[in-house]
Amino acid sequence: MEKTDCKSKLKELRCCILVPTYNNEKTLTRVLDGVLEYSDDLIVVCDGATDSTPELLKNYENKAHVVSYQPNKGKGNALRTGFKKAVELGFDYAITIDSDGQHYPENIPDFVTKLEENPGALIIGARNMDQETVPGKSSFGNKFSNFWFQFETGIKLPDTQSGYRLYPVKALDKVRFFTTKFEFEIEVIVKAAWRDIPVIPVPIKVLYDPEERVTHFRPLQDFTRISILNTWLVTLALLYYKPRNLLRHFQKKSIRQLIREDLIQSHEPIHKKVKAVMLGVLIGVLPIWGLHTLSVIVFAHVFKLNKFIAFLASNISFPPFVPILVFLSMIIGKWTLGTGKVIAFNMDITVESIKDHLVQYAVGSTILAPLLALLFGLLTFVYLSSTRTQKHG
């Protein structure tokens, strides 16, 4: 894409370029001049610089929208300030590029092309983290971040720490953010994914020049902040967003569709499907009321099993089946303990009646859970094996 074509495309898409900067006097001019070759809409946020940056930015007063403040408040705050400015100026998107010289402005057309293919998306520049110039700590930190992002959102990305991104700033304008430092770049992509904004990568080039590049990342402090943020995001994901997504998935399909598409037609090996069913039944029968969905999600993720199949199987504790499970648990509990009472199956099984014989019920259901898991696992194996035989017959 030619530079003039890129400029016109960016205007059509209502997309600007946003450059947050803090004490990058060596590289700032080169970055801004390079960006202006591809876009006429440039926002620069001077985040409390104490070097010659303010003087350098005077040369761009007629070429860019410059926002400056004191003191330094962190990259996250600079980005949030830039997003707000972009929305005020009527832009729907903003491409962020770091001012330390590691990013190439010539990758801007790649973001434009990817946005045209994926309207409304948040696009992250994917660096080649295996090249020799990439610092070891950056590669490790990126892998760490990628893992937690996938856990929190279910989306696999090659590079979640790249600052070269295209943000749908208008769509993010009403989202509440809490972080102001480097960890903001994690918070924003996770919350975007939770709001069903597509988060996709695009390959970019990167340059790490030790003689020019100035990094303000503080390993101990910022890694601690990132760890605290991920702890909070994981908690939210487990308690709300993952259960919500599972329920959405099931609400869109009938039980027959779920069994056909997620259990029968899934390309996973039979043994993994069987294990997912066994896990779901095991957790569904255990006396952990209120924690079934959360437990299924966590353990299915840990053991790398199909979450939808496991969740479907855990619904063995669905209200119509509860009296049967309680009745069987009471019988097994009485046999195991040698004492207790068997609640008649034709009685109204209530919470009070279970409380009166809580130990008996807990022991019985804990024994019943693996037994039913084995039974349903065997039935699933036989059913799926026969289905496969019919297909190949």
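The protein chain has 16 helices and seven strands. Both come from DSSP runs, numbered from the N terminus: a helix is H or I with at least four residues, a strand is E with at least two. This is a predicted model, where local features need pLDDT of at least 70, side-chain atom pairs count only at pLDDT 80 or more, and totals for chains, interfaces and linings use all residues. Residues are numbered from 1 along each chain as its sequence is written, and side-chain values use heavy atoms, with hydrogens and water left out.

Now some totals. Of the 393 residues, 47% count as buried. Buried means under 20% relative accessible area; exposed means over 50%, and partly exposed lies in between, using a 1.4 Å probe and protein chains only. Next, contacts, meaning heavy atoms within 4.5 Å. Take the contacts with a separation of 6 or more: residues 24 or more positions apart account for 75% of them.

On to the sheet. In what order do the seven strands stand? The order is β3-β2-β1-β4-β6-β5-β7, in an open sheet with mixed pairing. Two strands pair if DSSP finds at least two bridges between them. At the edges sit β3 (65-69) and β7 (199-203), and each pairs on one side only. Neighbouring strands are turned by 20° against each other on average, direction ignored. For angles in this talk, axes are lines fitted to C-alpha atoms, for helices over the stretch in contact, and angles run from 0 to 180 degrees between N-to-C directions.

Zoom in on β1 and β2. Strand β1 covers residues 15-21 and β2 covers residues 42-47. They run parallel, joined by five bridges. Ile17 stands opposite Leu42 in β2. Pro20 stands opposite Val45 in β2.

How many of the six residues of β2 are buried? Six of six, so the strand is mostly covered. In a regular strand the side chains alternate between the two faces of the sheet. Look for that in β2: Leu42, Val44 and Cys46 point one way, while Ile43, Val45 and Asp47 point the other way.

Helix α2 (residues 28-36) belongs in this picture too. Its buried residues are Leu28, Val31, Leu32, Gly34, Val35 and Leu36. They pack against α1 (3-12), β1, β2 and α3 (53-57).

Next, one lysine. Lys75 lies in helix α4, residues 75-88. Is Lys75 buried or exposed? Its relative accessible area is 16%, so Lys75 is buried. Leaving out residues up to four places away in sequence, Lys75 touches Pro20, Asp47, Asp98, Gly163, Thr180, Lys181, Phe182 and Glu185. Pro20 has come up already, as the residue opposite Val45.

Start with α11 (residues 270-285) and α12. Their axes are 9 Å apart, at an angle of about 150°. The two are therefore roughly antiparallel. The cut-offs are: under 35 degrees is roughly parallel, over 145 roughly antiparallel, 65 to 115 roughly perpendicular, and the rest oblique. The crossing is right-handed. Leu279, Ile283 and Gly284 in α11 meet His292, Ser295, Val296, Phe299 and Ala300 in α12.

On the α12 side, the contact is made by Thr293, Val296, Ile297, Ala300 and His301. On the α13 side, look at Lys307, Ala310, Phe311 and Ser314.

The contact includes Leu279 and Gly284 of α11 and Ala310 and Ser314 of α13.

Last stop: Pro287, in the loop between α11 and α12. At 29% relative accessibility, Pro287 counts as partly exposed. Not counting residues up to four places away in sequence, Pro287 touches Tyr361, Ala362, Ser365 and Thr366. Pro287 and Val326 are 39 residues apart in sequence, and 9.8 Å apart in space, C-alpha to C-alpha.

How values were computed: Left-handed = near helix turned anticlockwise from the far one by under 90°.
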